[in-house]
Amino acid sequence: MALVNDHFLKLPNNYLFADIAKKVNAFKVMHPKANVISLGIGDVTQPLCPAVIEAMHRAVSELGTAEGFRGYGPEQGYDFLREAILKNDFLPRGIHLDIDEIFINDGAKSDTGNIQELIRWDNSIGVTDPIYPVYIDSNVMIGRAGREEGGRWSNVIYMPCTAENGFVPALPDRRVDVIYLCYPNNPTGTVITKQELRKWVNYALKNDTLIFYDAAYQAYIQDPDIPRSIYEIRGARRCAIEFHSYSKTAGFTGVRCGYTVVPKDLTAAVVGDVPSAAGRRVALNPLWLRRQSTKFNGTSYISQRAAEAIYTPDGRKQVAQTIDYYMQNARRMLTTLRRLGFEVYGGENAPYIWMRTPDGMGSWQFFEALLYGAHVVCTPGVGFGPSGQGYVRLTAFGHHEQTEEALMRIGKWTGH
Ligand SMILES: Cc1ncc(COP(=O)(O)O)c(C=O)c1O
């Protein structure tokens, strides 16, 4: 008899975005003429930039020739892309990485989920709350998260990020084996200063904690003093794995490409069933290479050539223009919503705006009120964790015209 991994059965049935779609559909059935605008989407709307398109066309043509054809590529990615990453994403910030520390993937979601295969099932995990749901759900699937009670998992340490603490999570008051950090943050759109990030690195080094650092939105950082990589902090090479994505950086949500950095200095303790290794520390970089070589056959050549093009002079300029397009939305949203009397956060170094619901309304209650009152969709904050209750997330990924229209409707709805 095959036995199911019943940890899957512990996952809540309701997937946040499916629940939202259901409610929006119900509204549309009742109001077939209403033109609903979504400020809830996490996907981008602007097309790929010309430099990327040209690189993809070239790659396709190459693959169609006898000399240029390529089959399986290296599991950890082609050197042309890994070199471009070292040279452009890290060296200018004084970060020296080895090419073998970069692992190209098909986007950050896979690796932020898969990475926890490197650690034992009984490690404790800590997350800032609210948080990108993949971190917790992937741990639930392997049985590490414990039991769910009232939206909280018994083996997960939650570090609240709310307006009351300025969205700066406090260090845990006990040892935690693994901590997930995401900056700029999804969903709150807030960032971490170097000084604050240093505290986390020091905590990790002191407590032998591993940090999984998700930098998927680093391209949106406008303030030059905000760190774009955890490796800007001394000592992070010994305690952190970092995830990058081209999805929001360059509109690759459909193309699929990203990368993970696993430094060679990073080690973890062995206590388990391998007598030859017990009591030793083991480097995680070769383990991740082994894992990827076994379970992953590489990212498509076309996607990797597309990603390489982002680092060319034209590519850099074009990608920056698209990011600026979204950040113009973010600025318009912040100023308009503040003028309307809403309490809003984030949106300055990130494409997300985190808005407190007025009059103590619950996240879902406000979601419905906004949908029915202004025909605008937001994402209920409680879907990202217990500390998201009483907030909603708005995204700046829309078209300018639609974003303006949504803001105008919200203004009318609130009586302005
Ligand atoms: C914080 C965070 N990490 C990772 C991802 C996944 O990105 P990718 O498209 O590269 O898989 C997302 C996507 O929304 C995200 O918000």
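**Talking through a predicted fold**

Colleague: What radius of gyration does the chain have, next to that of a compact globule?
Modeller: A compact globule of 416 residues would have a radius of gyration near 22 Å. The chain agrees with that expectation, because its own value is 22 Å.

Colleague: How many aromatic pairs are there?
Modeller: Two rings pair if their centres lie within 6.5 Å. Counting by this rule gives 25 aromatic pairs.

Colleague: Are the planes of phenylalanine 80 and tyrosine 301 stacked or edge-to-face?
Modeller: Their ring centres are 6.0 Å apart, and the planes meet at 90°. Planes over 60 degrees apart count as edge-to-face. The angle of this pair is 90°, so the pair is edge-to-face.

Colleague: How far apart in sequence are the parts that this pair ties together?
Modeller: Phenylalanine 80 belongs to helix α3, whereas tyrosine 301 belongs to helix α9. Because the two sit in these helices, the parts they tie together are separated in sequence by 221 residues.

Colleague: Are phenylalanine 80 and tyrosine 301 buried or exposed?
Modeller: A residue with under 20% relative accessible area counts as buried, and one with over 50% as exposed. Both phenylalanine 80 and tyrosine 301 come out as buried.

How values were computed: Residues numbered from 1 in each chain as written. Predicted model: local features only at pLDDT ≥ 70, side-chain atom pairs only at ≥ 80, totals over all residues. Heavy atoms only, no water. Rg over C-alpha atoms; globule rule 2.2 N^0.38 Å. Phe/Tyr/Trp six-rings, centres within 6.5 Å; stacked < 30°, edge-to-face > 60°. Helix = DSSP H or I, 4+ residues; strand = E, 2+ residues; numbered from the N terminus. Buried < 20%, exposed > 50% of the residue type's maximum accessible area, 1.4 Å probe, protein only.
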